[in-house]
Protein chains: 2
Amino acid sequence: MSTTTYSVQGMTCGGCAAKVTGVVKQVDGVEDTSVDLAAGTVTVVGPGADHDAVRAAITQLGYQVA
Amino acid sequence: MSTTTYSVQGMTCGGCAAKVTGVVKQVDGVEDTSVDLAAGTVTVVGPGADHDAVRAAITQLGYQVA
């Protein structure tokens, strides 16, 4: 299993987390994703995930990917 | 003074409100804007505000404009 964890700034509530997981799950190659609000991280599962697209999708929602 | 109020779904915390006001304030003709989280509304001040652009900016952040 291949997982990638991103540090993402600006996710402050469950609604933020839901929006982020909603868009990330639609990215090519993403099999699963989860948000850790306390840690400020987004974890993506999928060996073939398009990571540029993941970053773009998160950024478009107004969050900053470190 | 010209104000327009939009019903917006999905804003659930202060972080959401800050992101919405941040993008709406950048729209042409918008002089001021505020979010009422409890009511689920975004109010825009500005007689020359580009309302299509306001809706697009909010939607792009992942919120639904009624």
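Author: Strand 1 (residues 3-9) of chain A is joined to strand 4 of chain A by 2 bridges, and the two run antiparallel; strands here are DSSP runs of E with at least two residues, helices are runs of H or I with at least four residues, and both are numbered from the N terminus. Two strands are taken as paired if DSSP finds at least two bridges between them. Within this pairing, Val8(A) has Val65(A) of strand 4 as its bridge partner. This is a predicted model, in which local features need pLDDT of at least 70 and side-chain atom pairs count only at pLDDT 80 or more, while totals for chains, interfaces and linings use all residues. Residues are numbered from 1 along each chain as its sequence is written, chains are lettered from A and ligands numbered from 1 in the order in which they are written, and side-chain values use heavy atoms, with hydrogens and water left out.

Taken as a whole, the sheet of chain A is open and has 4 strands in the order 2-3-1-4, with antiparallel pairing. Strand 2 (32-36) and strand 4 (64-65) stand at its edges, each with a single partner strand, so one side of each has no neighbour in the sheet.

At the other pairing to look at, strand 2 and strand 3 of chain A are antiparallel over 5 bridges, and there Val35(A) stands opposite Val42(A) of strand 3. The hairpin of these two strands has 4 residues between them, and Gly40(A) takes a positive phi near 70 degrees in it.

Helices also lie against the sheet. Helix 1 of chain A lies across strand 2 and strand 3 (41-45), running at about 160 degrees to strand 2, where axes are lines fitted to C-alpha atoms, for helices over the stretch in contact, and angles run from 0 to 180 degrees between N-to-C directions. Helix 2 (residues 51-60) of chain A packs on the sheet and touches strand 1, strand 3 and strand 4, its direction making about 25 degrees with that of strand 1.

Between the two chains the count of salt bridges is 0, a salt bridge being a side-chain nitrogen of Lys or Arg within 4 Å of a carboxyl oxygen of Asp or Glu.

Definitions and conventions:
Contact = heavy atoms within 4.5 Å.
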